[in-house]
Amino acid sequence: SGFKYELGKMSSMFEYLAPSAETCSMPSWIFLGGEHGKAVCLPPVSSIHWVRGYWTRVGLGVSLLMVLAWQKVTANDSGWPTVVMKFLFGQAMEEIRRDQPKCRFGTKCPFATTGT
């Protein structure tokens, strides 16, 4: 109520951005659809909440696609991320073997920088 009050004082035009039952139930409406949303007694939402929920969904989807595309770009076996991860893995394996000589990880790490 305090956040909504302060937001309403600034401008009543932006009151729909304040957290409300409609804002919280919007993802459920999108996921369940109209019939199932009514069946589980979700609070009714206005058209501004539908628009905001839709664009939130689109924005999150685009963000997910960008993350997945970045992972696909960096997943190949070249470039500095792979070199750094191989180096760090090799260092970790060397330290484990030094501290735990009877470790289950085998006798030689393929990424080790110094021979063990």
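Student: What makes Trp80, Val84, Met85, Phe87 and Leu88 a nonpolar patch on the surface?
Tutor: This is a predicted model, and the answer rests on its computed values. Nonpolar side chains are joined within 5 Å, and each residue needs over 30% relative accessible area and no salt bridge. Trp80, Val84, Met85, Phe87 and Leu88 form such a patch, with about 570 Å² of accessible area together.

Student: Why is Leu88 called partly exposed?
Tutor: Its relative accessible area is 45%. Exposed needs over 50%, and buried needs under 20%. Leu88 falls in between, so it is partly exposed. Leu88 is found in helix H5, residues 80-99.

Student: How do you know whether Val45 is buried or exposed?
Tutor: Compare its value with the cut-off. Val45 has a relative accessible area of 18%. Buried means under 20%, so Val45 is buried.

Student: Where is Val45, and which residues does it touch?
Tutor: Val45 sits in the loop between helix H3 (34-39) and H4. Leaving out residues up to four places away in sequence, Val45 touches Glu22, Ser25, Met26, Trp29 and Trp50. Take Ser25: the C-alpha atoms of Val45 and Ser25 are separated by 8.1 Å, and the two residues are 20 apart along the chain.

Student: Why does His49 count as buried?
Tutor: His49 has 9% relative accessibility. That is under 20%, so His49 counts as buried. His49 lies in helix H4, residues 47-74.

Student: What makes the pair of His49 and Ser46 a polar contact?
Tutor: The limit for the N or O atoms is 3.5 Å, and one must be able to donate a hydrogen and the other to accept it. The side chains of His49 and Ser46 make this contact at 2.8 Å.

Student: How many aromatic pairs are found in the whole structure?
Tutor: A search finds two. One of them joins Tyr54 and Trp55.

Student: Why is the pair of Tyr54 and Trp55 called edge-to-face?
Tutor: The ring centres of Tyr54 and Trp55 are 5.3 Å apart, and the planes stand at 80 degrees. Centres must lie within 6.5 Å, and planes over 60 degrees apart count as edge-to-face.

Student: What is the secondary structure of the chain?
Tutor: The chain has five helices and zero strands. Buried residues make up 16% of its 116 residues.

Technical notes. Residues numbered from 1 in each chain as written. Predicted model: local features only at pLDDT ≥ 70, side-chain atom pairs only at ≥ 80, totals over all residues. Heavy atoms only, no water. Helix = DSSP H or I, 4+ residues; strand = E, 2+ residues; numbered from the N terminus. Buried < 20%, exposed > 50% of the residue type's maximum accessible area, 1.4 Å probe, protein only. Patch = residues over 30% accessible without salt bridge, like charges linked within 9 Å, V, L, I, M, F, W, Y side chains within 5 Å. Areas by Shrake-Rupley, 256 points an atom, 1.4 Å probe, with all protein chains shown as cover. Salt bridge = Lys/Arg side-chain N within 4 Å of Asp/Glu carboxyl O. Contact = heavy atoms within 4.5 Å. Phe/Tyr/Trp six-rings, centres within 6.5 Å; stacked < 30°, edge-to-face > 60°.
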